[in-house]
Amino acid sequence: MKVLILFAHPAIAASRVQRHLYKAAQQVKDVTLHNLYQLYPDFDIDIKAEQALLAAHDVIIWQHPWYWYSAPPI
């Protein structure tokens, strides 16, 4: 199975837990780590490319911090 991790953390260097999970995920076979803040710093998201990426994977995981019971804006 191909796994896609949609990673969205605006300040990964300041994170204690997410940073370690991010580094560990980079070492796993058949896992694509997709850093949204790194790819789209201006929030100009390539929708067609993102849709193609989603369709190419079997499992999708959203990895992001929680802000007041919500996800980051990206």
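In this predicted model, His-64 touches Ala-8, Gln-18, Ala-71 and Pro-72, leaving out residues up to four places away in sequence. His-64 lies in the segment after strand β3 (59-63). Its relative accessible area is 17%. That value is under 20%, so His-64 counts as buried.

The protein has 3 helices and 3 strands. Along the sequence, these elements follow the pattern β-α-β-α-α-β. The C-alpha trace spans about 30 × 30 × 20 Å along its principal axes. For 74 residues, a compact globule would have a radius of gyration near 11 Å. The protein has 12 Å, which agrees. Contacts across the sequence were also counted. Among contacts with a separation of 6 or more, 73% join residues 24 or more positions apart.

Burial was examined next. Of the 74 residues, 31% count as buried. The accessible surface comes to about 5400 Å². Carbon and sulfur atoms hold 60% of that surface. In soluble globular proteins, nonpolar side chains tend to be buried together. Here the largest nonpolar core has 7 residues: Leu-4, Leu-6, Ala-8, Leu-36, Tyr-37, Tyr-40 and Leu-53. Two elements, β1 and α2 (36-39), each give two or more residues to this core.

Aromatic rings were then compared. The count comes to 2 aromatic pairs. In one of them, the ring centres of Phe-7 and Tyr-22 are 4.4 Å apart. Their planes meet at 45°, so this pair is tilted. The pair links distant parts of the chain. Phe-7 belongs to strand β1 (residues 3-7), while Tyr-22 belongs to helix α1 (residues 17-25). The two residues are 15 residues apart. Both partners are buried: Phe-7 has 0% relative accessibility, and Tyr-22 has a relative accessible area of 14%.

The other pair joins Tyr-37 and Phe-43. Their ring centres are 5.9 Å apart. Their planes lie at 80°, over the 60 degree cut-off, so the pair is edge-to-face. Tyr-37 is buried, with a relative accessible area of 16%. Phe-43 is partly exposed, with a relative accessible area of 40%.

Tyr-37 also belongs to the largest nonpolar core. Beyond its neighbours within four places in sequence, Tyr-37 is in contact with Phe-7, Ala-8, His-9, Pro-10, Phe-43, Pro-72, Pro-73 and Ile-74. Ala-8 and Pro-72 are among these contacts of Tyr-37, and Ala-8 and Pro-72 are also touched by His-64.

Methods: Residues numbered from 1 in each chain as written. Predicted model: local features only at pLDDT ≥ 70, side-chain atom pairs only at ≥ 80, totals over all residues. Heavy atoms only, no water. Phe/Tyr/Trp six-rings, centres within 6.5 Å; stacked < 30°, edge-to-face > 60°. Helix = DSSP H or I, 4+ residues; strand = E, 2+ residues; numbered from the N terminus. Buried < 20%, exposed > 50% of the residue type's maximum accessible area, 1.4 Å probe, protein only. Core = buried A, V, L, I, M, F, W, Y, C linked by side-chain atoms within 4.5 Å. Contact = heavy atoms within 4.5 Å. Rg over C-alpha atoms; globule rule 2.2 N^0.38 Å. Areas by Shrake-Rupley, 256 points an atom, 1.4 Å probe, with all protein chains shown as cover.
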